[in-house]
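This report describes selected local features of one protein chain.

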Amino acid sequence: FIQMLLRAKKRDILQLLSKAPEETVPFLVEAAVAAQSTASLAALSDYLDFGKAPKSLLETFLYAAAFSPRPSKELLALVLDKLQGKQLAPEVWETGIVVIGSLVGKLCQQELCGSQEVSRGAETLLRGLRSSEEESEVLAYLVSLRNAALPGAIPALLRHAEEGPAAVAAAAVAALSSLPAQHISNEVKRAMRRIFHETRKGYEKTCRLAAAGILLDSEPLPMDVINILLATKELEAETATLLQMKVQNTLHAEHHPARKIVKDVMRDPRINNYNYFSKAGMSSAFTGPLAVTPDLLSTFGMELLFVDGGFLRKSVSDFSLFSHGHRLHVAEVTLEAQGMESMLGENTLEGQEEPELMAGMSAALFNVHLRPVVFFKGYTDLMAKVLLSSGEPTSVVRGNLLLMDHYQVIPLQSGLQVVVKLQGGLGLDISANMDMSIWEQDLKTSITTRASLAIDFQAELDAPFFQTTMRSQSEVETSIHFDTALRFSVSPVLMCLQLREDQVPYR
């Protein structure tokens, strides 16, 4: 379909979009974005009215743009024009801002950072972050800058990380963690030390853990590793347990850049002893290989942070690919819940503000962080969701993405030429559901990820006297379910975690 659109005129594409049945329009929009021809982008510009079109269709367009493997400057200009000066639904506006960051980051990787369109996109994000007063707007800009990974945003990110409220500080530290290692300067490391060791003010535990993660993952100094481990003596049991397990995991991950430094530190019996590594918390962290070849390492990682009352505070599941020094974040799903302890009458630690009752999730696919989804915020919202819940899962992202689009002409020694075409598409559906029963006193969450990958390879040799073509098509489907069940009618809280994978058909 993309091949057809590349040869089509604007008038034909516009007619196709206008006359198509409603259920097929999202597919046509995704294909038109993937084609990225002058005609297809012009047709999308005319067809998509951001003031009237359904929210779901606008988000389909925006996410198709975000996941484009090699976006063009014209695609970024189209997104910027569509978002400028319009009254949009909050979800569409937030998604649009997040997508601008993804496009800016990918165009910079193509060495187009100096172009007019990219400069305009980067300035839109930095100016918006400076002028925003609403916390939800600030968070959207921080997620976008996490996608953009702009070194020029470091001063603004550091300011929000050290001075912002809890949610903003955590998002700013997360944005700093996405920067390439060469941009984690001494200034950034000093700020992360201040946050982790709380030398200026107190920080929420997930923010402190993220700051420690930056120090441990970015060519750490031996003293940083030692100070982090020494600090676990003063931390509450669950936070200390997670940190210690992250450090121990580094020793088993041969691809980790800090492995040698951590190994040297752990040879010191004053650090590596029972006194430091005997915290008996439930929190956990592990990373293990899924597949290993001479050129590729595929890993699955899981982090589970509990609060002392037994509630799950945060879970992160991560699938990554490592190849020749490069890392691709294939998928990361984060579930967060805070303030649940107050429902059982547990007191907050002295000196800490009581966190607002909240639950939500965020996801990242192929290094693109999506707009976070909030299940409920505040006790009133929780009760409304409990009483009015339809039981239907919340869709996080759904659609068809073009992952690979490669065209190459290879001259042979005989003087003939081979034309190689490679395309890869991904059909994706991620949904999440949180079901809370006040009467039964239990909480159930489920994340379902369904995906199908199709790869089409064609090599063609065309000469005046003969023609030959070799073609290969492969498809794979997978479905992964991550379920949690929590019962807090008894003490200690009972919890069950389940990761299920369906059969994977490969054709």
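A residue is called buried under 20% relative accessible area, exposed over 50%, and partly exposed in between. L16 has a relative accessibility of 34%, so this residue counts as partly exposed. The model is a predicted one.

**Surface patch**

L16 belongs to helix 2, which covers residues 10-19. Together with F1, M4 and F27, L16 forms a nonpolar patch on the surface. The accessible area of these four residues together is about 350 Å².

**Helix 5**

Helix 5 runs over residues 55-66 and has 12 residues. At 1.5 Å a residue the helix should span 16 Å, and the end C-alpha atoms are 16 Å apart, so expectation and model agree. Helix 5 is mostly covered, with 10 of its 12 residues buried. The buried residues are L57, L58, E59, T60, F61, L62, Y63, A64, A65 and A66.

What do the buried residues of helix 5 pack against? Their helical partners are helix 3 (25-35), helix 4 (38-47), helix 6 (73-83) and helix 7 (90-109). Two strands also take part in this packing, namely strand 6 (368-369) and strand 8 (394-411).

**Cysteines**

The disulfide count comes to one, under the rule that the two cysteine sulfur atoms lie within 2.5 Å. The pair is C108 and C113, with sulfur atoms 1.9 Å apart. The link of C108 and C113 is right-handed, with 85 degrees about the S-S bond.

| Residue | Relative accessible area | Class |
|---|---|---|
| C108 | 18% | buried |
| C113 | 39% | partly exposed |
| C207 | 1% | buried |
| C496 | 44% | partly exposed |

The disulfide of C108 and C113 thus joins a buried residue, C108, to a partly exposed residue, C113.

**L426 in strand 9**

L426 is located in strand 9, which spans residues 417-437. Is L426 buried or exposed? Its relative accessible area is 8%, so L426 is buried.

Leaving aside residues up to four places away in sequence, L426 touches F366, G399, N400, L401, L403, A451, S452 and L453.

Note on methods: Residues numbered from 1 in each chain as written. Predicted model: local features only at pLDDT ≥ 70, side-chain atom pairs only at ≥ 80, totals over all residues. Heavy atoms only, no water. Helix = DSSP H or I, 4+ residues; strand = E, 2+ residues; numbered from the N terminus. Expected span 1.5 Å × (residues − 1). Buried < 20%, exposed > 50% of the residue type's maximum accessible area, 1.4 Å probe, protein only. Contact = heavy atoms within 4.5 Å. Patch = residues over 30% accessible without salt bridge, like charges linked within 9 Å, V, L, I, M, F, W, Y side chains within 5 Å. Areas by Shrake-Rupley, 256 points an atom, 1.4 Å probe, with all protein chains shown as cover. Salt bridge = Lys/Arg side-chain N within 4 Å of Asp/Glu carboxyl O.
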